[in-house]
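User: Please walk me through the salt bridges here, one question at a time.

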Amino acid sequence: MPSAGFGVYVHWPFCASKCPYCDFNSHVRAGGIDEARFVAAYHQELRHWARLTPGRRVGSIFFGGGTPSLLSPGAVGSLLDAIAALWGLDPEVEITLEANPSSVEAGRFAGYRAAGVNRVSLGVQSLSDRELRALGRLHTAAEAIAAIEVTRNTFPRFSFDLIYARPQQTLAAWRTELSHALKLAGQHLSLYQLTIEAGTPFAALNALGKLVIPDEERAAQLYETTQEATDRAGLPAYEISNHAAPGEECRHNLLYWRYGEYAGIGAGAHGRRLASDGRRATSTELHPERWLAAVEAAGHALLTDTLLTPAEEADEALLMGLRLSEGLNLADLERLAGARPSGAALERLVRRGLIERDAARIRVTPAGRPILNAIVVELARALEPIEAAAAQARAAT
Ligand SMILES: C[S@@+](CC[C@H](N)C(=O)[O-])C[C@H]1O[C@@H](n2cnc3c(N)ncnc32)[C@H](O)[C@@H]1O
Ligand code: SF4
């Protein structure tokens, strides 16, 4: 598959408190952390990655978490300077920072902008105080709205996240909240259905029947309502949960879904790189202090750096590409895996209304989106070597 570019993901694994639904690699340290020591280790990992990926130019940088808005603007600036010096930045580089909308963090935004951040993604989650409390968030709706305004006035591009399909959420309540959100939105919105993640307090309550989320049918209605409202507002979905005005998609996320290359810096970060022997998948020590010790000892905390087989690459490319409304280019998949889904499997899915195809691409239809994973499994099982696919196509004509 032709490279969709190169980006750098920087994971900051700390939060002010742990939300009861979240299973991201995020940790609370009541005694505080030694920022300078962690940041020095990030610099070491950046240098390691620059040795693994020489000659690339950085198209996007994403500070994710955790809560990277707990980092000082000075630390963010020093990491951005290092990334620019190690690889060089594309003139159009997108630099996103995820931020929580508490007033303390919003006060730092001017510093992030001065450091070079040009896009912020705010974790608003809900515009109702009652719902924010139920989600265990530390901010209020008024603080979220104030943070959106500061963000809008400070950064050229911004987005915010909401979580819907929450316990007891009615269709009418979500319509009202979403229409309020669309009035506050800029050119991008992320709208996630609440997922019950194993091992979280929400999962324990769910197992006891004390926290009930919408059933499949109501979740599908909520999803449809979301698509209708965002389409009307000019922010259609370009991915399952991500909406943007045309051209305002998050370039860093597109890099993942178009199966590009990215360095993964920080505890638990994943990376993908094209090496001389093929595409490699990397993973990093999850635990922040063990990550720090590993980097200080060895210059990096990579746990695995594994060459992917063509079949694994094809599975990943299918899984990523079919999340996108633009879909997946079949010729790219062939170059990557030497295989394409059989004509019979494609036809079956088209007949069931789950995918659509033209000469170049396949896309999942709105009806197929709720069962995307099942579609990916079906297509992955139906992959066949190009020669067989070509013979079948010839036989069918
Ligand atoms: C890992 S958080 C990082 C951003 C920031 N710490 C925050 O929470 O605002 C990224 C986003 O994932 C979403 N998220 C996390 N856990 C989720 C869950 N169980 N279900 C749905 N969305 C979730 C939230 O919308 C959140 O904004
Ligand atoms: S603030 Fe964000 S990353 Fe931290 S626990 Fe909450 S959802 Fe997870």
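User: Is Arg37 buried, partly exposed or exposed, and what is its relative accessible area?

Analyst: This is a predicted model, where local features need pLDDT of at least 70, side-chain atom pairs count only at pLDDT 80 or more, and totals for chains, interfaces and linings use all residues. Side-chain values use heavy atoms, without hydrogens and water. Buried means under 20% relative accessible area, exposed over 50%, and partly exposed in between (1.4 Å probe, protein chains only). Arg37 is partly exposed, with a relative accessible area of 41%.

User: Which side chain meets Arg37 in a salt bridge?

Analyst: A salt bridge puts a side-chain nitrogen of Lys or Arg within 4 Å of a carboxyl oxygen of Asp or Glu. Here the N to O distance is 2.8 Å, and the partner is Glu296.

User: How many residues apart in sequence are the parts that Glu296 and Arg37 tie together?

Analyst: Helices are DSSP runs of H or I, at least four residues, and strands are runs of E, at least two, numbered from the N terminus. Glu296 sits in helix H11 (residues 288-298) and Arg37 in helix H1 (residues 35-52), so the pair ties together parts separated in sequence by 259 residues.

User: Are Arg166 and Glu177 buried or exposed?

Analyst: Their side chains form a salt bridge at 2.7 Å, N to O. Arg166 lies in the loop between strand E5 (157-164) and helix H7 (171-184), and Glu177 in helix H7. Both Arg166 and Glu177 are buried.

User: How many salt bridges does the rule count?

Analyst: Arg258 and Glu326 make one of them, at 2.8 Å, N to O. By this rule the count is 24.

Technical notes. Residues are numbered from 1 along each chain as its sequence is written. Chains are lettered from A and ligands numbered from 1 in the order in which they are written.
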